[in-house]
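I opened the model to look up a few local features and a few totals. My entries follow in the order in which I made them.

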Amino acid sequence: MPLLKHGVCRLCRCQAQAVPRTWQRPDLTTAATTGQQLFIADLVRRVHLVARTRERGSPEAHQLVGGSFWAMPRWRQDPLFIAERDMSRVTVPDVEPIDPAFTSYVSARAEARAEAAQGWSPALRERVLRSLYLLIAVHGPHERIKASTVATLPRQRATRAITRVTEVLAHLDLLDDDRIDPLEAWIQRRLSNVHPEIRAEALVRISIVRHGGPRRRPRSTATVRNQVDASIPFLLDCSKRYCTLRQVTRADLTDWLSKCAAPHNEAVALRNMFKTLKSQRLLFANPARGVSLGARPASVPTPLSPEAIQTLAAAAEGDPALKLLVALIGIHALYPHQARALPMAAIDFIGGRLLHRDIDHPLDAFTRQAAADYIRLRHSRWPHTRNPHLFLSSQTAHSRTPVTTGWMQPLLKDLPVTAQRLREDRILEEAAVTGADPQHLCAVFNITPDTGLRYTRFIQSGPLDHAADQPGNPRDELSGAATMPIGSVVGRHEERDPSS
């Protein structure tokens, strides 16, 4: 027998309370006139509690746009059918927005982001706002916009506009990023010729390296690429004889490593792979357990030839970005990633210092002039940028991220030196003019004692006919100081007691 309250059961009372009424009490006769609506036990109460919690925790329930209020939908309806949208032939006059208030809201948020954070140029801002209008006009407030749809915008195939539109949509939580992961595509290409079952086992190890696991932290993209490159030759060799890694024996591993020129990297990658597969219970035994890793390959720093320095100096004169990069790495011995992440505030022209975190060097004439030339070019090319970093590209000028390795590599592509060799040559020169003192190198360049000994051993192994001791040194053209060794540009450390 149902329990009644004021002559009405709980089901009728819940249905009456579901009908919105502004000031009147719930009409308890609603169920008798409209019919009963069944519901799962305690579902109505839980829905009301969730709604109240979201109302309390949503500070941006309404946004003021053009004098009117617009509210972001609390719930989103998933579409039954997902249709691909092609925006390549759509123009602004042809489109009437589905929700004008929503379109105005997105445009206002995009302009605020461009004005406050990004510092977009007027032309880029116009392209981004036009692109957002086209996208928002054909999407409802409850829909997410796919990144593949953004890529089909008309006359907006410039990478800068597409990237900025994608960033704005992601910031507003309106983006459905369906782009292909470039690292995943690269891994699949590298494993395309491996046996399917071996490939599946290798992907388990790669997935743990990328995304982490129990007591395992995810690794960087460079580490994943190095691990895959080191293990691919062995996996291809196993695919010719076996159909699973469970068939691999210890003799197979030792024979393979004996044929490698530098077996250390391959041994580390294979040992980690088999150890992970054993922990995931995909192998009965670990064939790589106890396998010797071999000697770690050691690189020997070598100085640059006078011809290479002359070629570098000639190329730097015609490129302000390359000239400043050579000054930071070849004179101040910064790491390549330090030079790329150097902020504008690190160049102190008034105080004549290069200051950033652990870097505190006096500015020599060559670096000062190189920095002034590049900053002048930077202001003329990107006058509206808000990026605090010194080096900019067409991609990072409208964001706050530093340039990547892909920006630096083309600068040194046609030159007979690399950034790492240029830095090593600078440290070798300092070691030559200071008597191969490892403690001095550690104090000047902020390197470890083992790294300092690596350079001093090269100097002490034999007399170094360094270019700094020769008349007409081509490096003088690079530093602008014919009678002063480059090591003296960081001469502040000479006042420091080496024993400190």
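Predicted model: local features only at pLDDT ≥ 70, side-chain atom pairs only at ≥ 80, totals over all residues.

Entry 1, the sheet. In what order do the strands of the open sheet of three strands run, and with what pairing? I read the order as E5-E6-E7, with antiparallel pairing. The edge strands are E5 (347–348) and E7, each of which pairs on one side only. Here two strands pair if DSSP finds at least two bridges between them. Helices (H or I, at least four residues) and strands (E, at least two) are DSSP runs, numbered from the N terminus.

I then looked at E6, residues 353–356, which pairs with E7 in the antiparallel sense over four bridges. His356 stands opposite Ile359 in E7.

Residues are numbered from 1 along each chain as its sequence is written, and side-chain values use heavy atoms, with hydrogens and water left out.

Which residues of H19 (438–445) are buried? I listed His440, Leu441, Cys442, Val444 and Phe445. Buried means under 20% relative accessible area, exposed over 50%, and partly exposed in between (1.4 Å probe, protein chains only). The buried residues of H19 pack against strand E7 (359–362), helix H18 (419–433) and helix H20 (449–460).

At the start of H19, I found a side-chain oxygen of Asp437 within 3.2 Å of the backbone nitrogen of Gln439. After H19 comes Asn446, with a positive phi near 55°.

Ala436 is in the loop between H18 and H19 and has a positive phi of about 55°, although it is not a glycine. Is Ala436 buried or exposed? Ala436 counts as buried because its relative accessibility is 7%.

I also checked Ala333, in the loop between helix H14 (320–330) and helix H15 (336–340). Phi of Ala333 is near 55°, a positive value in a residue other than glycine. Its relative accessibility is 4%, so Ala333 counts as buried.

What does Thr456 touch, not counting residues up to four places away in sequence? I found Ala436, Asp437, Pro438 and Leu441. Contact means heavy atoms within 4.5 Å.

The axes of helix H8 (residues 182–190) and helix H10 (residues 221–239) come within 11 Å and cross at roughly 5°. Axes are lines fitted to C-alpha atoms, for helices over the stretch in contact, and angles run from 0 to 180 degrees between N-to-C directions. H8 and H10 are therefore roughly parallel to each other. Angles under 35 degrees count as roughly parallel, over 145 as roughly antiparallel, 65 to 115 as roughly perpendicular and the rest as oblique.

From H8, I recorded Leu183, Trp186, Ile187 and Arg190, which meet Thr221, Val224, Arg225, Val228, Asp229 and Ile232 in H10.

Entry 7, totals. I counted 21 helices and seven strands in the protein chain. Of its 500 residues, 39% count as buried. Among contacts with a separation of 6 or more, 65% are between residues 24 or more positions apart.

Terms used: Polar contact = N/O pair within 3.5 Å; in protein donor to acceptor, adjacent residues only side chain to side chain.
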